[in-house]
Amino acid sequence: MTPHEMEAGLEAMERAAREAVRYRRGVASAETNPVATYRQMLEVFDAPLPEQPGEPDAIIADLIARATPGVRAATAPRFFGWVIGNSHPTGVAADWLVSAWGQNVGNLTSAPAAAAMETVAANWLLEVLDLPREASVGYVTGATVANFVCLAAARSEVLRRASWDVEADGLIGAPPVRVLIGADAHATVFSGLKYLGLGARRVVTVETDALGRMLPSAFERALAAGEGPVIAIAQAGQINTGASDPFDQIAPLAKAAGAWLHVDGAFGLWGRAAPTRADQLIGVDQADSWATDGHKWLQTPYDCGFAIVRDAEAHRRAMAITASYLPPAQGADREPSAYVPELSRRARGVGTWAMLRQFGRAGIAELVERDCRIARDMAAALAAEPGVELVCEVVLNQFMVRFGDDDAATLATVERIQADAVAFIGAATWRDRWVMRVSVSSAATTEKDGEITVAAVIAAWRAVRD
Ligand SMILES: *Cc1c(COP(=O)(O)O)cnc(C)c1O
């Protein structure tokens with residue numbers, strides 16, 4: 001690269017920064033845009049492979065011009081579509097630096113500052129979520145991979161106790177591992193089971209209540225119904241209801257049965273940080289592993305989740321790239337690659353560090369409390385409208401409503417809301433019926449946004465009804 005080419009590249013970086021700031025200023029006050037479809041965007045980008053080099057600044061300018069109509073306003077204050085955080089500006093800024101510094105946190109030498117931030121942020125995470133301080137933390141892409149990593153540690157340890165070394169000898173010929181899972185578990189947990197050779201279908205499903213929480217009596221029966229190594233998968237924050245399994249009852253049962261208890265807490269685990277929600281998570285710290293996300297309630301930019309394992313040695317055995325049987329000596333430095341599937345990777349801990357520093361313990365508590373309050377108030381205001389039915393009690397930040405008395409009215413109302421673009425809300429199925437599902441998980445959302453959205457939803461419903 002010539003000095004001239006370098007300078008041109010830096011200009012492109014400046015443009016990207018400027019335009020990104022302009023975008024975020026706009027989206028913070030804008031309505032939730034109707035966005036171009038994937039098919040439309042494909043047409044916009046479709047072109048043969050370039051034969052010749054391009055000019056950096058022109059490439060970035062072109063990229064922005066083409067992409068903007070297809071950028072979903074997921075950071076807008078009235079985005080309630082999925083459990084999605086706000087990609088908070090502080091986290092984005094930190095993440096820009098990770099890219100600009102070109103840090104590969106594959107080991108301590110290649111990225112000393114990033115590795116140190118990951119170590120410190122890991123301790124902060126355990127503190128804010130009030131999990132065992134001796135647990136290890138792996139920085140992964142999200143809760144899907146966090147579930148996978150935690151379940152790999154679980155598989156390693158339950159089989160080790162049955163005198164089987166799964167890392168060396170694989171699963172073929174191993175003692176069978178029983179996997180217990182709540183009937184309303186998140187689909188991504190099954191991906192982990194699939195990757196690990198434990199089988200997505202080869203699970204024992206545990207009956208749940210109306211909010212999707214495992215019934216302790218059913219859990220106890222399932223544990224007693226077999227023998228040998230057992231992994232039990234619970235969840236903090238059901239994706240439709242926000243409810244958490246009754247950990248204070250199931251954790252002691254799992255322990256007594258010698259089962260490894262894993263918790264998928266992608267967003268719900270953050271309820272631990274909020275005074276009026278923490279009681280729903282009593283006992284969750286008795287589990288053996290926890291998967292959670294940074295890019296949901298912690299509002300980091302995308303590509304940030306945490307695999308947390310009480311038994312750090314099992315975690316390393318399942319993930320460490322070299323010397324899996326020789327974990328670092330006592331007191332050795334934390335090797336960033338020893339807790340994740342990858343070697344070369346993005347320094348996800350930098351954004352995590354920045355966001356924990358941004359909010360502090362009090363800010364996280366306040367954010368979770370506010371989002372839950374907004375969800376509760378929106379649900380109550382909607383339920384007061386004739387023809388709108390609140391599907392179940394609101395316990396956290398998620399809720400569901402139905403319109404009229406068939407699926408068609410509900411789907412038509414959701415379609416209308418999306419077309420009106422005052423807010424973005426999606427549909428889902430729950431107990432075989434379509435519902436409108438609202439997720440309040442953004443730091444950008446205010447009480448006022450809740451009120452504006454409720455008015456828009458009621459207007460859409462009335463238009464469908466009349
Ligand atoms: C979002 C979510 C996941 C998947 O997390 P990703 O970050 O998308 O990989 C898993 N479980 C639950 C309960 C979730 O809400």
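1. The shell around the ligand, in this predicted model, is made up of 4 nonpolar, 6 polar and 3 charged residues. There are 13 residues around the ligand, and those that come nearest are T144, D264, D293, H295 and K296.

2. For T144, a polar side-chain atom lies 2.6 Å from an oxygen atom of the ligand. For H295, an N or O atom of the side chain is 2.7 Å from a ligand oxygen atom, and for D293 the corresponding distance is 2.8 Å. On its own the ligand has 380 Å² of accessible area, of which the protein covers 85%.

3. Strand β1, which spans residues 136-140, is mostly covered, with 5 of its 5 residues buried. Cover is present on both faces: one side carries S136, G138 and V140, the other carries V137 and Y139, and all of these are buried. The partner of β1 considered here is strand β7, residues 305-309; the two strands pair in the antiparallel sense over 5 bridges. Within this pairing, S136 stands opposite V309 of β7.

4. The loop between β6 (289-293) and β7 contains Q299. The phi angle of Q299 is near 65°, which is a positive value in a residue other than glycine. Is Q299 buried or exposed? Its relative accessibility is 0%, and Q299 therefore counts as buried.

5. Although A421 is not a glycine, its phi is positive, at about 60°. A421 is placed in the loop between helix α13 (407-420) and strand β10 (426-430). The relative accessible area of A421 is 6%, so this residue is buried, the cut-off for that class being under 20%.

6. Helix α8, residues 187-195, has several buried positions, namely T188, V189, S191, G192 and L193. Against which elements do the buried residues of α8 pack? They pack against helix α6 (143-161) and against the strands β2 (178-182), β4 (230-235) and β5 (260-264). After α8 comes G197, and the phi of G197 is positive, near 75°.

7. W461 belongs to helix α14, which covers residues 447-465. Because its relative accessibility is 4%, W461 counts as buried. Leaving aside residues up to four places away in sequence, W461 touches E385, P386, G387, V388, F403, G404, A409 and T413. As for T429, a separation of 32 residues in sequence corresponds to 18 Å in space between the C-alpha atoms of W461 and T429.

8. A30 lies in the loop between helices α1 (3-29) and α2 (38-45). How many residues separate A30 and V422 in sequence? The separation is 392 residues, while the C-alpha atoms of A30 and V422 are 8.8 Å apart in space.

Key
Residues numbered from 1 in each chain as written. Predicted model: local features only at pLDDT ≥ 70, side-chain atom pairs only at ≥ 80, totals over all residues. Heavy atoms only, no water. Near = heavy atom within 4 Å. Polar contact = N/O pair within 3.5 Å; in protein donor to acceptor, adjacent residues only side chain to side chain. Areas by Shrake-Rupley, 256 points an atom, 1.4 Å probe, with all protein chains shown as cover. Nonpolar A, V, L, I, M, F, W, Y, C, P; charged D, E, K, R; others polar. Buried < 20%, exposed > 50% of the residue type's maximum accessible area, 1.4 Å probe, protein only. Helix = DSSP H or I, 4+ residues; strand = E, 2+ residues; numbered from the N terminus. Pairing = 2+ DSSP bridges. Contact = heavy atoms within 4.5 Å.
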